[in-house]
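I opened this notebook to keep track of what I looked up, entry by entry. The order is that of my own reading.

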Amino acid sequence: MPADDDPRTRFRLRGGLRSTTVVLALGAALFSLGALGPVPRSGPAAAPAGAPAASAGTPAARGGGPDATVESLRARVRRLPSDAEGWAALGMAYVQQARSTADPATYGRAEAALRRSLDVQPSGNAPAATGMGALEAARHRFGHALTWARRAVEANPYSAPAHGVLADALTQLGRYEESFEAVQRMCDLKPDSAALARASYSWELRGDTGRAVELMTRSLGAAGTPAETAFARTHLSTLALESGRAPTALRHAEAGLAAVPGDAALLEARARARTVLGQTPGAVADFTAALAVAPLPQYLLGLGDLRLSVGDRAGAEAQYDVLRAQETLRRSGGEAADADAILFEADHGDPATAVRMGRTAVRERPFLAVHDALGWALHRAGRDREALEQADSALRLGTASAPFHYHRGLINRALGRPEAAHADLRRALAIDPRFHPVHAPRARTALSRIGSTR
């Protein structure tokens, strides 16, 4: 049966959609961050993985940002200490604030607010359960996120945001068919900006970039706030860049920054587009500005790799040293590593340590990107047969990822499989000929060497 006719994977998205609710985020990580009842006059919806949470009546909806939202909601619960929805909304605002500032301490305040909501209303509290699911996902505790999401759906089976959190947790746990069904249910209940963005990501995972772009464009059209617009622009920029369309990626990033100047995710998107276009000083400036807002690992790694690609090894090491310090803190907290941390350790640290990190991470989060990272760590550690199993797992949905194919290409080359290596490396460069400032040139060199010996 063709995919478009398969009821398990078809999204029945009708035309003429409008929304004033929040959008979702992906990438790496696709987490839900909103959806918590009226704040104060209309109910916000879900906003996974870094998307801002807002509703028509909040300061964020008027451009006030996460800090203004927190202050507004704190004033609300001071006036109404028994307002379960207000406490739930405050908890989610704290989660969004933590994503904007990269301050994990804010998650403690988020949990306290959400627990207070559950104390006020222990049963049937779908907004608080949805918020707890989003919080646990933000902490990369996806099993706990799934438990809370199911509790939210049980409390309110007609809550689109609850189904969004459920979809996010299932995706990160590698339960893709179930996650696609949850996204479908969300779209059926409320085909708004958040649902459209999740639908976009589900097709991106399956390698249908055209449909992913179409749905994210519709998510942009349904956006009701500058923050929603900025989020959709960020991911349209990413989709364009990963398809080898750097000028389009740059246009989306700049349009987003016109709506929300100084947004860290958009600054990163523009930095990566400028990197591909050879605008190195501008890219360095954008990465630096993003880091001033939030010192996230992907920004540090992006700036470090860019500096390394232009021969500035000292500048690269300065960024890598900060990453190493962050990794030390992560280990002290007992958290599993994410894919970027595993890849960084494999390339710039000890591959055996990267393998151990990857083994732990893939047990807790068997997501495609984690399988890819573990596969690369195993390759760097000289364990290529095991590496190939992980690389195959990373590509089992047909995801159009240049890094995934690059990694599997070099693993196949190490295993003495030149035809398979040639196919993967060609695929990587066909998807995006400049997918990485360091690894893309290496892919071309490896492809040339394989071609000369075939």
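Predicted model: local features only at pLDDT ≥ 70, side-chain atom pairs only at ≥ 80, totals over all residues.

Residues are numbered from 1 along each chain as its sequence is written, and side-chain values use heavy atoms, with hydrogens and water left out.

**Entry on the whole protein.** I looked up the secondary structure and found 22 helices and zero strands, where helices (H or I, at least four residues) and strands (E, at least two) are DSSP runs numbered from the N terminus. Of the 454 residues, 57% are buried, a word I use for under 20% relative accessible area with a 1.4 Å probe and protein chains only, as against exposed for over 50% and partly exposed in between. Among contacts with a separation of 6 or more, 57% join residues 24 or more positions apart.

**Entry on the cores.** I then turned to the nonpolar cores, each a set of buried Ala, Val, Leu, Ile, Met, Phe, Trp, Tyr and Cys residues joined through side-chain atoms within 4.5 Å. The largest has 50 residues, and those touching the most other members are Leu 90, Val 95, Tyr 107, Met 132, Leu 135, Leu 146 and Leu 166. Helix α2 (residues 84-101) gives the most to this core, namely nine residues. I followed Tyr 107 and, leaving aside neighbours within four places in sequence, found it in contact with Val 95, Ala 98, Arg 99, Leu 135, Ala 138 and Arg 139. A second, separate core holds 46 residues, including Leu 343 and Ile 450.

**Entry on Val 355.** I located Val 355 in helix α17 (residues 351-364), and it counts as buried because its relative accessibility is 4%. Beyond four places in sequence, Val 355 contacts Leu 374, Ala 377, Leu 378, Ala 381 and Arg 383. For Leu 374, 19 residues apart from Val 355 along the chain, I noted a C-alpha separation of 6.1 Å.

**Entry on His 371.** Is His 371 buried or exposed? It counts as buried, because its relative accessibility is 14%, and its place is in helix α18 (residues 368-380). Not counting residues up to four places away in sequence, His 371 touches Val 362, Pro 366, Gln 390, Ser 393 and Ala 394. With Gln 390 there is also a side-chain to side-chain polar contact at 2.7 Å, a term for a pair of N or O atoms within 3.5 Å, where within protein one must be able to donate a hydrogen and the other to accept it, and residues adjacent in sequence count only if both atoms are side-chain atoms.

Terms used: Contact = heavy atoms within 4.5 Å.
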